Amino acid sequence: MATLEDKILGEKLQNYCSSSEDENENDDTNSGSKGQSSSGLKFIPEDKIKDQAHWSGSAANTGPKGVIRDWQRFKQLETEKREEQEKEKFDLLKKLSITARTHAEDEAAKERDQLDRELEELMSDDFLLEYQKKRMAEMLAQSGKLPSFGTLIELSNGDDFLKTVDDEPKAVTIVIHIYDRNDNACRAMNKALQELSSEYVNVKFCKFMSSVAGLSNSFKCKGVPALLIYKAGQMIGNFIRVTDDLSDNFNSSDVESFLTEVGMLPDKTAVPYIVK
């Protein structure tokens, strides 16, 4: 009969004896069976014992903790697989976005590249400088054709006013001062415009007395000095009581700055170096 030590150490060389789980029941059940040992032991062949001795698998843990660990491992593998698939999709999309262009698109891209290179050549410093010289020469030639005035012109009546607005070339800027001879601000404005007319000879500066223009007494008291600016027969500026935007003791420089800021006179500080 095999001892407990034999079962633990497995030192049987020929056969291994294994007891049944329900030894007592097997004794009662198998006591009358022929060819069975009355001790309830069954014999396992040596070749099967050898296979079991070299088994390298892992037995499933059926306990609660084992089930939880198995489930956690399953979810981990599932997550890793999903992340790997997403990375593979991203790499594939990136590859397609770079290379998936039709022949027509490739040709269009080549044309754009060619145009960019040509534009870069055109925008070189030498080309731009030459273009500026030609353009400035054209502008200077055009300005040379404009009439010169150089003084503050008095408009005597309505007909003079209409002729001044309508008959001058379209490129001429016309500044008309509506004034009252008894107003100090109006007298200061006439003096400033007289000085500016000698500096901006191609701009026509005029003065027109409010009483001759037929304006109301309210306008004579509250609206003067007023500056009306015309070009190509159209009014482009209308500044009533312009002294509200000037200092109390304004001069020609103040008036010049005001008209330049509102875009009625060219800014001398913005003249390109090539013109200078």
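**Close-up 1. Helix 11 and its cover.** Helix 8 (184–199), strand 6 (226–231) and strand 7 (234–239) are among the elements that cover the buried residues of helix 11. Here, contact means heavy atoms within 4.5 Å, and helices (H or I, at least four residues) and strands (E, at least two) are DSSP runs, numbered from the N terminus. This is a predicted model, in which local features need pLDDT of at least 70, side-chain atom pairs count only at pLDDT 80 or more, and totals for chains, interfaces and linings use all residues. Residues are numbered from 1 along each chain as its sequence is written, and side-chain values use heavy atoms, with hydrogens and water left out.

Helix 11 spans residues 252–261, and its buried residues are Ser-252, Val-255, Glu-256, Phe-258 and Leu-259 (buried: under 20% relative accessible area; exposed: over 50%; partly exposed: in between; 1.4 Å probe, protein chains only). These residues lie on the same side of helix 11, because they cover an arc of only 165° around the axis (the arc is that of the directions from the helix axis to the C-beta atoms). After helix 11 comes Gly-263, with a positive phi near 80°.

**Close-up 2. The nonpolar cores.** The largest nonpolar core has 20 residues, and Met-189, Leu-193, Phe-205, Leu-227, Val-255 and Leu-259 have the most contacts inside it (a nonpolar core is a set of buried Ala, Val, Leu, Ile, Met, Phe, Trp, Tyr and Cys residues joined through side-chain atoms within 4.5 Å). Helix 8, strand 6 and helix 11 each give two or more residues to this core, and helix 8 gives the most, with 4 residues. A second, separate core of 16 residues includes Val-165, Cys-186, Ala-226 and Leu-228.

**Close-up 3. His-177 in strand 4.** Look for His-177 within strand 4 (residues 173–179). His-177 is buried, with a relative accessible area of 0%. The side chains of His-177 and Asn-190 are joined by a polar contact of 2.7 Å (a pair of N or O atoms within 3.5 Å; within protein, one must be able to donate a hydrogen and the other to accept it, and residues adjacent in sequence count only if both atoms are side-chain atoms).

**Close-up 4. The two sides of helix 7.** In helix 7 (residues 158–167), Phe-161, Thr-164 and Val-165 are buried. They fall within an arc of 90° seen down the axis, so they line one face of the helix. Exposed Asp-159, Lys-163, Asp-166 and Asp-167 sit on the face turned away from the buried side.
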